[in-house]
Amino acid sequence: MGAMKWLVIFVSLGICSQAATESAIQVSVFSATSKTVTLRWTRYSGASSYKISVAPTSSPSDPIAFAQFGPNTVMGSVNSLSPGVNYVFTVEALDNSQATLSTATTESSTAPEMMDPIQAVKPKDSRTLMAEFTLRTGATHYVIRIQNSNGFYREDTVSSSPTEIRSLTPYTEYTLSIMAVNSGGRSQPSLPVTAKTVLPPPQLSTSSPSNDSIVVSWAPVAHAVQYTLSVYKFGSNTNVKHNASSTNLTIAGLDAGSLYVIRGFAWDPEGRAGEGSSHTNQTTRPPTPSSVNVSVVTANGAAGLSVSWEGDPEVYGSIEYFVMSDQNLTCNSTSSSCTLSPVACGEVHVIRVTASNEAGPSCPSSPEVFITFPCPPESLALAEPTEGNCTLTWDTVPHADSYVAFIKRSDGAEETCNTTCSNCTYHCQCGYTYLMSVLAFNRAGASPPGMNLNYTTLPCCPEGVSVSAVSTDTLEITWTASRGAELYETRAAGSSEVILCNDTAPVCALSDLRCDSAYSVVVTPCNEISGCNRACKAHTKDTAPCMPTDLRLNPKNSSCVSVSWTANNRAATYTVSALGGEGGHTCATAGNSCDLTGLPCGSTYEVSVIASSAAGQSLPSYSDSLETEPCCPVNLTVAQVTQAMTNVSWSHAKGAHSFITSLTSPRGHARCHTQDSHCLVGCITCGTNYTVAMEAASHSGRKANCSYQGFSSSACCPSGVRLYRMAGDALRVHWRSAGSTGSHGSPSYITEVVGSSSNYTCTAPPGENSCDVGDVRCGDIYRVLVAPLTPEGSKVLFCPQRLYSVTCSDSNVGAVIYRGKRSVD
């Protein structure tokens, strides 16, 4: 390898040096340029110098350069290397004898060689430049440095050529240089070149003031000396350019309703065209509609004017048409017709049609004058100068050419009368209603239906008149409808009043008439024009009897009531009805009272009276309630509960609401008052015969006295009951008989001595007051009971008991000790 010049740069760090403690030297690349690489290493203890060897990576065993540094140097550079070459760098720590103490290697590439100047720079738009340059072998990417005289500085990283430099300022001069970059670093910047961006695009605003022109305007572009507009008609090959020195331009001679695409750019003082504006679409206004035609149409009962016209089918985009009448009617349409509504009769319309698109409206069409159909004739009148001959007249109508009169009779017959005058004469008959109308005509058609005139001749009297009573104060009158009658007046005249009924139906009910009265009824037919026929005959009819009043009830006994009332009819039969209870009961008379008989106990009735005659029945009188005496309970039972109290119970009693039960004897009486079917009666005397009676009362207070079989209270319980020890194992029970003996003489008594394991009884005959029991087991507690026997032989259950302890003496009964009284369990 030939000799190579090389330069060594070293850094001495003696002042700041310190002993390294690492076991081996370490090295790294501090920086690299296209010809220089700076290394950094760690100090090695005992090293007297450091040596750097440089060899290409392709031949690491053939060093091309050496450098050596003192012991206090830890950074050094190797210069005069080749650009864009990969090198292996070896750092050796040497001792005083130049022996190697430690070795470290690293690889690095030098930066690329300086780039050639940028070959070409041209504007792409007002904010973008396109740059072309020669690629450098070994470069991974490139950095373009952009500057201008206003202090702008920027570096853009790019990967290939050509490339775009964006986000610049319009109409500004820039200086550009380029650097190649690889893993080793950047090359030196190339020689600079200059380039200038173009003017920005004008912001166009367009409108179409007429159907053959477009006005374009824009804001001034700084530094612009002239503007050029390109106008292209959509769908054609026409593209016309226009130059302007101002900021607006009117383009005339265009096609109506066509779409034009407009684009513009500004020229700078250097004669360069600026950035083109975005394409602006502008449509010219549509052509004026022609051949306007008007006719009358009707929809949903409303009249309108159907307006049609001719339009240019070659126009671009959607066209909306606006139709206007000088009568303040308008309509819109996207087709070639629309309807002005509503319109009225006898109107004169001046109609114009305007086409409109997104550019605006066209000029209105030529005015079209149209007269609507005439208004209907008014003031229809009918005169009948002689019987059977009628003349119909009306007022003339503006814009009417002729008239047609329509005459329709109530039986369906029709006739018409055509005339250019304002009257028609026709033959009319009595007893009919005529409906008449008149229509006016012109070229637009017939007038709307106008007023109708009714004319009715004098009506006939109705046939088949029938008068019947439907209630006590109402007469219903029916008849056969008469020809020509619109209203019937029915009159009922009595002795002191007149009742009227007006109706259109052949039936009438005359109400609020006096009962039991004769009325003269007349049906009079009427109509509004000819009046009423007063020659119809009358019909006589009586109303029903009057309602009986002052109803009075007078009970005679438990099953008979006398009913009386006030009779106020000329001749009537009266029927009394009692409803309720078990069926109904009636009686009838021509007078003012009768008796209701056979009424059962415990029943409630509503009593009323109806009067009847040949004219019908009256309304029932106001009713009155009738309540018969309550029934007595069928069964009544008296059961003695204690010596001084009994429980009385009885069966159901129809109609009874409360009961008073009495037990009566010469020694006194007891009673109870209740709504139940039982009660407790206290304060009775034992051994006494009682009379049993009951008073049953209804809700209204009607009472029934009930008697029952007598009741005898039981014999009185004995007193002074004592238990005595007898000889051996016998005991004697002794007592004192009560003073009352009852209805069956002195009673017999039964004695019971009851222990825990043995029971003893004995019965004493009447008149005796002691009883003995034998074989009594001693050492037990005994309950001792003495009770009288009823005549039937059963024991009275409510007498008290006594407790005694019976001790033992040897094997016999010992002492008898009284322990107290005890009631019946």
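## Reading cores, strands and surface

Mentor: Val 348 counts as partly exposed because its relative accessibility is 34%. This is a predicted model.

Trainee: In which strand does Val 348 lie?

Mentor: Val 348 belongs to strand E29, residues 348-357.

Trainee: Is Thr 372 buried or exposed?

Mentor: Thr 372 counts as buried, because its relative accessibility is 0%. The cut-off for buried is under 20%. Thr 372 sits in the loop between strand E31 (368-371) and E32.

Trainee: Which residues is Thr 372 in contact with, leaving aside its neighbours within four places in sequence?

Mentor: Among them are Leu 305, Val 343, Ala 344, Cys 345, Gly 346 and Glu 347. His 349, Asn 442 and Ala 444 also touch Thr 372.

Trainee: What separates the C-alpha atoms of Thr 372 and Cys 587?

Mentor: A distance of 85 Å lies between those two C-alpha atoms. Along the chain, the two residues are 215 residues apart.

Trainee: Now the strands. How do I read the faces of E33?

Mentor: Start with the general idea. In a regular strand, side chains alternate between the two faces of the sheet. Now take strand E33, residues 389-393. Cys 390 and Leu 392 form its covered face. Asn 389, Thr 391 and Thr 393 form the uncovered one.

Trainee: How many bridges join E32 to E33?

Mentor: Four, and the two strands run antiparallel. E32 spans residues 381-386. Leu 382 stands opposite Leu 392 of E33.

Trainee: How many bridges join E33 to E36?

Mentor: Five, again with an antiparallel run. E36 spans residues 423-427. Thr 391 has Thr 425 of E36 as its bridge partner.

Trainee: Last, the cores. Where do nonpolar side chains tend to be in soluble globular proteins?

Mentor: They tend to be buried together. Here, the largest nonpolar core has 23 residues. Ile 25, Leu 39, Trp 41, Ile 52 and Val 54 touch the most other members. Strands E2, E3, E4, E5, E6 and E7 each supply at least two residues of this core. E7 gives the largest share, four residues.

Trainee: Which residues does Val 54 touch, not counting those up to four places away in sequence?

Mentor: Pro 63, Ile 64, Ala 65, Val 78, Leu 81, Tyr 87, Val 88 and Phe 89. There is also a second, separate core of 21 residues, including Val 292, Tyr 321, Cys 338 and Val 353.

Methods
Residues numbered from 1 in each chain as written. Predicted model: local features only at pLDDT ≥ 70, side-chain atom pairs only at ≥ 80, totals over all residues. Heavy atoms only, no water. Core = buried A, V, L, I, M, F, W, Y, C linked by side-chain atoms within 4.5 Å. Buried < 20%, exposed > 50% of the residue type's maximum accessible area, 1.4 Å probe, protein only. Contact = heavy atoms within 4.5 Å. Pairing = 2+ DSSP bridges.
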